[in-house]
Structures are given as C-alpha cells and as structure tokens.
Amino acid sequence: MYQSLLECHSFIRWFVLVSLLYSIYIAYKGYSQKLPFTKKDNLARHWTATIAHIQLIFGILVYVQSPIVKYFWKNFKEAIQNLDASFFGIIHIVLMLTGIVFITIGSALAKRKLSDEQKFKTMFLWFSIALLIIFIAIPWPFSPFANRPYFR
C-alpha cells in the first residue's frame with residue numbers, strides 16, 4: 001500500500017504545480033489588465049486549493065508509513081545528520097504544510113475580497129509564495145536536499 005500511495009503522491013504533485021501555475025497566470029493577467037473576476041477564475045482558485053488539499057492527504061498517508069520517516073524518528077540523533085533522512089523526516093513536511101497553508105489562506109482571502117482587482121492581487125501574492133515554497137520542498141532529481149525521479 002505504501003508504494004501505491006507514494007506513486008499517487010508523486011503523480012498528484014503535477015496537478016498541484018499545473019493548477020498553481022495556471023492560477024498565478026490568470027491572477028497576474030487579471031490584475032495587470034484589470035479584468036473582471038469571472039466564475040472561471042473563481043473555479044481555478046477553488047480547484048487549486050482542493051487539489052492541494054488532496055495532495056496533503058496523500059502526503060500525510062505517505063509520511064506515516066514511510067520507512068525513511070520511521071527511521072528518522074526512531075534514530076533522531078543519527079538521522080538528523082543525514083540530509084536525506086532529515087529532508088523527508090522534517091523539512092519536506094514542514095515546507096509542504098507551509099505551502100498548503102499559504103494556498104488555503106490565499107484562497108480564502110481572495111474569495112472574500114470585494115473588488116476584482118483585490119481578488120486577483122491576493123491570489124497572485126499568496127499562490128506565488130506557496131509555489132516557491134512547494135518548489136523548494138519537492139525532491140526534484142536536481143535538488144541539493146534529496147533527489148527522486150520526476151515520476152515514481
């Protein structure tokens with residue numbers, strides 16, 4: 001079951017990234033061109049947050065079953081000195097939770113803004129910060145922290 005969850009978690013990250021990039025793009029375009037905030041824009045905001053939350057659920061399930069994480073917490077003094085174990089034991093989850101919090105707050109704030117300009121601006125700011133945090137926390141093949149393949 002762990003391997004299946006890990007594969008799903010690895011796959012869903014692409015939906016998170018694409019939805020974030022799309023939402024950031026429409027937010028930038030809407031803000032810079034002073035466009036109306038349409039139902040389509042609102043759906044992008046909503047689905048970006050929803051996809052991120054689905055990924056969070058898979059991430060938590062992977063985290064509690066991960067042999068690397070189990071090793072990290074059982075052998076903390078040793079494991080904290082191992083970058084790979086430290087990354088998956090604590091860095092990855094803290095950064096990803098932070099990214100999801102930024103998406104959630106940005107989505108909620110944008111939803112409640114009265115002007116279209118403020119909705120776009122709020123979405124752009126919060127989602128961009130979340131994307132930066134999430135991008136750093138993904139174990140890309142080129143990451144200096146921990147590297148994994150693009151697809152499991």
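These are my notebook entries on one protein chain, looked up in a predicted model.

**Entry 1: the whole chain**

I started with the overall picture. The protein chain has six helices and zero strands. Reading along the sequence, I wrote down the pattern α-α-α-α-α-α. Next I looked up the extent of the C-alpha trace, which spans about 55 × 30 × 25 Å along its principal axes. How much of the chain is buried? Of the 152 residues, 39% are buried.

**Entry 2: the largest pocket**

I then turned to the pockets. The largest pocket has a volume of about 590 Å³. Its lining is made of 29 residues, and those closest to the centre are His-9, Val-62, Phe-88, His-92 and Pro-139. Find these five in the structure above and you are looking at the middle of the pocket.

Which helices each supply at least two residues of the lining? I noted α1 (2-32), α2 (39-65), α3 (67-74) and α5 (83-112). The largest share comes from α1, with seven residues.

I also sorted the lining by class. It has 20 nonpolar residues, six polar ones and three charged ones.

**Entry 3: the salt bridge**

How many salt bridges does the count come to? The count comes to one. Arg-148 forms this salt bridge with Asp-84, and the closest N and O atoms are 3.1 Å apart. Arg-148 lies in the segment after α6 (116-137) and Asp-84 lies in helix α5, so the pair ties together parts that are 64 residues apart in sequence.

Are the two partners buried or exposed? Arg-148 has 18% relative accessibility and counts as buried, because buried means under 20%. Asp-84 is partly exposed, with a relative accessible area of 26%.

**Entry 4: a loop residue with a positive phi**

Next I checked a backbone angle. Phi of Lys-34 is near 55 degrees, a positive value in a residue other than glycine. Where does Lys-34 lie? I found Lys-34 in the loop between α1 and α2. With 64% relative accessibility, Lys-34 counts as exposed, because the cut-off for exposed is over 50%.

**Entry 5: sequence distance against space**

For my last entry I picked pairs of residues and looked up the separation of their C-alpha atoms.

- Gln-81 sits in the loop between α4 (76-79) and α5, and is exposed at 71% relative accessible area. Gln-81 and Leu-61 are 20 residues apart along the chain, with their C-alpha atoms separated by 25 Å.
- Leu-109 is in helix α5, and is partly exposed at 34% relative accessible area. Leu-109 and Trp-126 are 17 residues apart along the chain, and their C-alpha atoms are separated by 9.2 Å.
- Phe-76 is in helix α4, and counts as partly exposed at 38% relative accessibility. Phe-76 and Ser-86 are 10 residues apart along the chain, and 8.9 Å separates their C-alpha atoms.
- Leu-56 belongs to helix α2, and is partly exposed with a relative accessible area of 25%. Leu-56 and Ala-44 are 12 residues apart in sequence and 18 Å apart in space, C-alpha to C-alpha.

I put two of these pairs side by side. For Leu-56 and Ala-44, 12 residues in sequence go with 18 Å.

Notes. Residues numbered from 1 in each chain as written. Predicted model: local features only at pLDDT ≥ 70, side-chain atom pairs only at ≥ 80, totals over all residues. Heavy atoms only, no water. 1 Å grid on protein atoms, 1.4 Å probe; cavity = no way out; pocket = protein on both sides within 12 Å on 5 of 7 lines; lining within 4 Å. Points joined across faces, edges and corners; volume = space filled by probe spheres on them. Helix = DSSP H or I, 4+ residues; strand = E, 2+ residues; numbered from the N terminus. Nonpolar A, V, L, I, M, F, W, Y, C, P; charged D, E, K, R; others polar. Salt bridge = Lys/Arg side-chain N within 4 Å of Asp/Glu carboxyl O. Buried < 20%, exposed > 50% of the residue type's maximum accessible area, 1.4 Å probe, protein only.
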